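Trainee: I have a model open on my screen and would like to learn how to read it. Could you walk me through it?

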Amino acid sequence: MSKAVSGFSKLSKSEKIDWLSATFFNNSDKIKKVLQQYWNSNEVLQNLHDDFIENTISNFYMPFAIAPNFVINGKVYAIPMVIEESSVVAAASLVAKFWSTRGGFKANVISTTKIGQVHFMYKGDKQDLQNYFSLKKKELFIATADITKNMRKRGGGILDIELRDKTGNLANYYQLHVTFETADSMGANFINSCLEAVANEFKKDTLTGSVQDIQIVMSILSNYVPECLVRAEVSCKVEDLYAENSKILTEKFVQAIQISNAEPHRAVTHNKGIMNGVDAVVLATGNDFRAVEAGAHAYASKTGTYKSLTNATIENGIFKFWIEIPLALGTVGGLTKLHPLSKLSLELLGNPSAKELMEIIAVAGLAQNFAALRALTTTGIQKGHMKMHLTNIIKQLGASKEEKVFLIDYFEHKTVTHNAVVEAYQKLVKDK
Ligand code: MEV
């Protein structure tokens, strides 16, 4: 039986599932049940989710959790997080509480400029191209006036359009490098629409003028946004960081960051931990985590070597720990107000501006990194992880409430491994 299909998108949801079941699961009813159990009985809500993308057959649930007690610039937040990895929310909550008694987090947005580019090829004289661009620049702005009208009212729009000669990187390659301010929206559609209008206008007069052979290759925003940057930090006296051996442990903490800055293998994992916090809030607020991920990792490589997004110092007995991360976010448009849980998340955060959300999310990343480095340089990461893992294994085994209590108690001072838990459970059931 062929597993290829044509006209799949035209089938109803049930027909799609029937086809899947027949083609990949031997007409199993099980697959239908698994998929259907996640359908929402609220038709309006289900239709909303169905329409986000094509070929929807069910909903994929992720835990939606809250990390309370975050003090940021003197304001208390309960931060919404969407993430499947156990221990991330617990760590965030612990760290929030910890820093709330040490002055809280300070955060500030450094810049909010976004970037888009019209990439084109041109084989003619460079000076002719420069002259043509200089003459045309005003018209490029005029060509986007309708698109930018509303954005300009909100304080945004196109900041500048530059002609960049990239022929040193690729023969005949130039670009119009366009900078944008998109206020509270992430601005992807706005930027791409502007760029396409700019490209059309730029190309228009080249059929008859002195610059005749411009070939537009593509017009697209860049997810590398090093000038859409936020900084978050915490600081305290070294002696206030740990209950015991604070000086030695604080030095170890700083060394852990120095290692990330010296060794990309470690830096990638270090930054992955930061993104545990960042992505969870980006997702909860209906923002594009792939864009944020791509931009953050590119920024981590800005020196040519992949490094840590966080840094720490000890100076005059004061420990300072901070993050600098590019975050292109929106609090209007996109999914932000369309998905009921994103809308709720933003309400929970007090309907922040995009700038305030940048600060909150940078803090979530810094908090995760603090939790990870503190665990790694003291007890090790597995102790906390395995506690959460233990409850997951117990759940998988189908243990009763009493069995769960017994097993958690049993593993209080023992090493948790999957096998050890299974064995302990089997023994418990056998001995009953
Ligand atoms: C696990 O998801 C994240 C950590 O590996 C981060 C780190 O090593 O810094 C714990």
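**Reading a sheet and its helices**

Mentor: Happy to! Helix α7, residues 188-204, lies across β4, β5, β6 and β7 and runs at about 160° to β7. Keep in mind that this is a predicted model.

Trainee: What holds strands together in a sheet, in general?

Mentor: Backbone hydrogen bonds pair the strands of a sheet, in either a parallel or an antiparallel way. Here, 4 strands make an open sheet with antiparallel pairing, in the order β5-β6-β4-β7. β5 (157-165) and β7 (215-222) are the edge strands, each pairing on one side only. On average, neighbouring strands of this sheet are turned by 15° against each other, direction ignored.

Trainee: Which other helix packs on the sheet?

Mentor: Look at helix α5, residues 126-143: it touches β4, β5 and β6, and its direction makes about 170° with that of β5.

Trainee: How many bridges join β4 to β6?

Mentor: There are 8 bridges between β4 (residues 114-121) and β6 (residues 173-181), and the two strands run antiparallel.

Trainee: Now a single residue. Is Leu20 buried or exposed?

Mentor: Leu20 counts as buried because its relative accessibility is 17%, and buried means under 20%. Leu20 sits in helix α1, residues 13-24.

Trainee: Which residues is Leu20 in contact with, leaving aside neighbours within four places in sequence?

Mentor: Those are Phe25, Ile31 and Ile57.

Note on methods:
Residues numbered from 1 in each chain as written. Predicted model: local features only at pLDDT ≥ 70, side-chain atom pairs only at ≥ 80, totals over all residues. Heavy atoms only, no water. Pairing = 2+ DSSP bridges. Axes fitted to C-alpha atoms, helices over the stretch in contact; angles between N-to-C directions. Contact = heavy atoms within 4.5 Å. Buried < 20%, exposed > 50% of the residue type's maximum accessible area, 1.4 Å probe, protein only.
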